[in-house]
Amino acid sequence: MKPYRIVGQPQAQIDARDKVTGRARYADDLRLPNALHALILRSPHASARILGIDTTRAAALPGVRAVLTGADFERTFGVLPISKDEPALARERVRYVGEPVAAVAAENAEIAAQALALIAIEYEPTPPVLDARHALKPTDDPLHPELKRGDNLHKQVEQRFGDPDAAFAAAPIVIEKRFRYAAVTHAFTEPHAVQVEIDGRGNLTVYSATQVPHYVHLALAEVLGLDEHRVRVVKPHLGGGFGGKSDPFPHEMIAAKLALVSGRNVRLRFSREDVFFSHHGRHPTELTMKLGFDPAQGITALTGDILIDGGAYGSFGVVTTYYNGVLLQGPYPVPNFAFRCRRLYTNKPMCGAMRGHGGVNPRFASEVLMDMALTEAGLDPCQARIDLLHRENTLTVNEFRITSVGLKRGLEEAMRRSGWREKYGKLPFGRGIGVACGFFISGSALPIHWNERPGSTVRMTLEFDGAITVYSGASDIGQGSDTVLAMMAAEVLGVELDQVKVVAADTRLTPVDLGSYSSRVTFMAGNAARNAAIRMRRLLVAGACRKLGLSEPEYPQPQPPADFFRQGQRAPDFEADYLGANPDYRDGFELSGGRIRHLASGADIAWLDAVHAAIEGPGILQTVGNYRAPKLGGKFKGAGAGLSPSYSFTAFIVEVTVDPETGHVRVDKATCAHDCGFALNPLAVRGQIEGCFHMGMGQALMEEVVHEGGAVQNAGFLEYKIPSPFEEPEIDIVLSDGEDNEGPFGAKEAGEGPLAPVIPAIANAIFDAVGVRLQELPMRPDRVLAALRKAGAR
Amino acid sequence: MNAGLQFEFERPQSLAELGARLAQLSAAGADYVLAAGATDLMPQLKLGLRSPQRMISLGGLSELRGIAIDGDGRCRIGALTSLATIAADTRLQALHPALTAAVARVASAPIRSRATLGGNVLVDNRCSFINQSALNRAAHRPCFKAGGEVCHIVKSAQRGKLPQCQARFVSDSVPVLLLLDAELRLWSPRGERRVALAGFHHDDGIERHDLARDEVLVAIELPAPTGRRIDYAKLAVRANLDFPSLGVALGLRAIDNDAFGELAVALTGIGTHPGHWRHRRADFPSAAAMLDAAVAAARDFAASYDQDFFPRDYRKRMIEVFIRRAAARLGGAAWT
């Protein structure tokens, strides 16, 4: 066991009590004085030209303070600088049912609703493009004429490494299959909400349910034409994101503009149906994947041709287009690799980033193909996967730097605990066990907006009363990032958790952090917080030394560990801040129990007396910690996609019962092995893994956004089927006890990676149970039954 | 903010008071809606499917609440009795375990604590095109049930032809109540009447049943147990929350010492109204033939359309699976 008091111990989240007692305030709970109510008028057409909008009657209604249309916004926006294609309010044309077309702010919600009804819009409906195949066809009326294309292609990515054709020709086993995936959505608990406070100088404070306050800040300034310092974005408590709150949104632009126009505070909240219109969920996908396998070598080649249906706008879609291919570069080596991925614009709510971004759908295909190949080769699908995992400190063929790989031990333990050897291939017809693996990034190494600043910065203060405050721009979206930052500060500074307060996600008060997406917070903001805390500890130790009459310790120049893995000849930038995965602080002091003790002499002093000594000069103790990713990656086009300072690895072993007469699949048990390096807060890690399982099981078995003529037909939780607690099986979790050289205390991500293997593990268990391979999601009972009948007919 | 949620609200304390009020409102041609647990009604109001000027809560009518069982096992269940109360009633469970089981599969625990048995008998028919927001309904053309001129389910449907609307009947309790020979006690200012549940529902998703505009379902009455053993099974992708994609109640009763004397079947979730058949062993050469006939009748009845999570062909196929499985549970392997 490592000598830690706080990190590595299961800790309830620091805001857990506030949340379960209703004390926590979410974006819509705030009560800004005298706020106007804003409502959005949405398009009933999937595709139409806007011939005219008449707002005069709405504007004349007593109590209406502002009315907006697309004409009020000059600039479009988007989270990625390369696809700023979304208007705050539709101009000239609407591109999906539910698209915002006009907005009002009024003294109360009733007046706002009346005003919406008074807005007259003349539409000329045009034929909608409703699926990706249709969108490939030539057209003289594409959704985005500004791209000057004769079709609705948004982005095409092709990469090729090695010689897949030769490898397929030489491979003893080659399998090629087609897979289809329905649209799924995040289904977070808290609908989007935004409130805007305007001061007498025209400065805006925007309280929004967002994962990315910094990007919202930038987009608001740009779209509204304001100096960036006039905008402040604050994320209050947030009820789940999963990628569905990781873009700047039209409603944020609209509410802010309404505040500017009216000079009043503005409140805007979404219904659940509005959330389905906003969407940004996982792309409906159709793909063909081909696997070459040699029992003596493992995977010899993997290729994919992938079509993803992006909906009306870009969002994160360019990244998704890359991720659908490049995230196939783990968890096993793939020496010959090629893919083409095309993202199409269609007249539906836009898709974007969703938990496991871009890596989930192709993983279903690759791990089903892997299972088929291993079965054909007569290998044990679990043991063979263990044997084939990436080796530590290696480069993939597309030059991802694989550092720590702790899954081998974990999966061996999961195999034992699940009784794999006693069960696989041996259960009676109708019962089965299956396994699948996956890997995921621990944060994207490259920023979305190119600049040389650190991706995460944390400021820390310590005041006369011993109060420690961590200022971080990272968004706690329910995953517990505030808690983990506080835990690291408490660990390093030798105090209890409740002595640390976290001020987070307030772009005026907290330094820039790029946000909560791509599983970056623990790794990146965590490293920044840990470094800020270590610097603070040095100030404190200096104070103690002064009081105790000792000379200050000399801190050696930080050195990376012997097995630190440099990519090529590039010097990792972060070495300047490197303090080790397993820091001993190198100061010769012990901080605990309210005392600071010099280990060599045994002299000690009250912790607070050391604070008072240290604070005499500056009046407040303040430090800053940073994280910037090392320079990574190859030199080819698109080499930056999927680069991460570290990768997590996960395996799921799942047991199912399949009813051969109804096709109903029940998941009886799941065993997870997850390599998140060192688990900073094992309780939160387990929560994330259980959440990933539930979400993966939903996509595997029942979740699907249903469209009819472009309209979402199941925009609510009765008809959009999320598994209920009754469907949740027992989940046994094995956490690796490894550590990553570069993660804070050795930690890697845990919030997204565990999702992807859930789906193929269920599919592979269905095969073990009843001998059929499902290649379309969700694996609804009718599809399982159809596959069984087809197999029976053969 | 939503037009459907702005209404006058009143809560009479007795049937007499309610009667006087209904007579008044009827005479004035007033627009009102009666509300019991309102678990079906409130979503409709929020979606703007109905926007009554007045809501009359039945919640004050304590005389409509409670379960009475006499010495012969006859039951009277007040229409306002919550599904949670019914599911937890041990006397009722001993007498009619299938009713307990069916009621316990309705929606979720929080909803069952408010929802009433009367409400479940009268629950509105559902369709993927009607149970939608105003915006969604505007994205399609308004259908018959929304006062429009089309049916999105049966594109060839024309106004005036029955069934006008294919919205699905989705009560979980009614199939079991049918096999229990339930009767409904209906009350209005004009008097009280008693009708059999069998035949009460119509083959139409709009004009759904025989309840008059000013009538109130006050009680569901069950005769003394007839010895029919009943099984209820529900097709839904989740173990709670969902309306039945298909619900099958099967009843088996001995006649003249023949354990297979009568086979009764009732369906929900698959048509505009509950399907209900009784087959007598005496009319068939074998029990197996009787079961085959029951399957055939149920399959013929089910004009299922794609308006549910499960596709129509699958739901139709499941009718047979569900009937035969229930038959096996009730009659074992002796059906051959």
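**Notes on a predicted two-chain model**

1. Let's start with one residue: Phe242(A) lies in the loop between E11 and helix H7 (250–262) of chain A. Helices (H or I, at least four residues) and strands (E, at least two) are DSSP runs, numbered from the N terminus. Although Phe242(A) is not a glycine, its phi is positive, at about 60°.

2. A word on reading the values. This is a predicted model, in which local features need pLDDT of at least 70 and side-chain atom pairs count only at pLDDT 80 or more, while totals for chains, interfaces and linings use all residues. Residues are numbered from 1 along each chain as its sequence is written, chains are lettered from A and ligands numbered from 1 in the order in which they are written, and side-chain values use heavy atoms, with hydrogens and water left out.

3. Chain A is assigned domain 1 (32–127 + 189–240 + 245–278), domain 2 (285–445 + 636–793) and domain 3 (448–553 + 588–627); such bounds come from an automatic or database domain assignment. Between the C-alpha centres of domain 1 of chain A and domain 2 of chain A there are 37 Å. Their contact (heavy atoms within 4.5 Å) draws 20 residues from domain 1 of chain A and 23 residues from domain 2 of chain A.

4. Chain B has its own division, into domain 1 (1–60) and domain 2 (229–331). The C-alpha centres of these two domains of chain B are 36 Å apart.

5. In chain A, 7 strands make an open sheet with mixed pairing, in the order E3-E5-E1-E12-E9-E10-E11. Two strands pair if DSSP finds at least two bridges between them. Strand E3 (64–69) and strand E11 (231–234) of chain A are the edges, each pairing on one side only. On average, neighbouring strands here are turned by 20° against each other, direction ignored. Inside the sheet, strand E1 (residues 36–42) and strand E12 (residues 266–269) of chain A are parallel partners over 2 bridges, and His37(A) has Arg267(A) in E12(A) as its bridge partner.

6. Which helices pack on this sheet? Helix H3 (residues 109–118) of chain A lies across E1, E3 and E5 of chain A, at about 30° to E1(A). Helix H6 (residues 213–224) of chain A touches strand E10 (204–208) and E11 of chain A, and its direction makes about 145° with that of E11(A). Angles run from 0 to 180 degrees between N-to-C directions, and axes are lines fitted to C-alpha atoms, for helices over the stretch in contact.

7. Another open sheet in chain A has 3 strands in the order E22-E23-E24, with antiparallel pairing. Strand E22 (589–592) and strand E24 (604–606) of chain A are its edge strands. Strand E23 (residues 595–598) of chain A joins E24(A) over 3 bridges, with Arg597(A) opposite Asp604(A). Helix H15 (residues 521–548) of chain A lies across E22, E23 and E24 of chain A, running at about 105° to E22(A).

8. For a helix pair, look at helix H10 (residues 360–376) and helix H18 (residues 758–770) of chain A: their axes come within 8 Å and cross at roughly 35°. The crossing is right-handed, a term for a near helix turned clockwise from the far one by less than a right angle (anticlockwise is left-handed). Residues of H10(A) in the contact include Phe364(A) and Val368(A), and those of H18(A) include Ile759(A) and Phe767(A). The contact residues divide into 7 nonpolar, 2 polar and 3 charged; Ala, Val, Leu, Ile, Met, Phe, Trp, Tyr, Cys and Pro count as nonpolar, Asp, Glu, Lys and Arg as charged, and the others, Gly among them, as polar.

9. Over all chains there are 22 aromatic pairs. Rings of Phe, Tyr and Trp (its six-membered ring) pair if their centres lie within 6.5 Å; planes under 30 degrees apart count as stacked, over 60 as edge-to-face and the rest as tilted. Tyr96(A) and Tyr313(A) have ring centres 6.4 Å apart and planes at 80°, so this pair is edge-to-face. The two tyrosines are 217 residues apart, and their pair links distant parts of the chain.

10. Finally, two cis peptide bonds are worth a look. One runs from Gly330(A) to Pro331(A), with omega near 0°; Pro331(A) is in the loop between H9 and strand E15 (337–344) of chain A. Another joins Leu777(A) and Pro778(A), with omega about -5°; Pro778(A) is in the loop between strand E31 (776–777) and helix H19 (781–793) of chain A.
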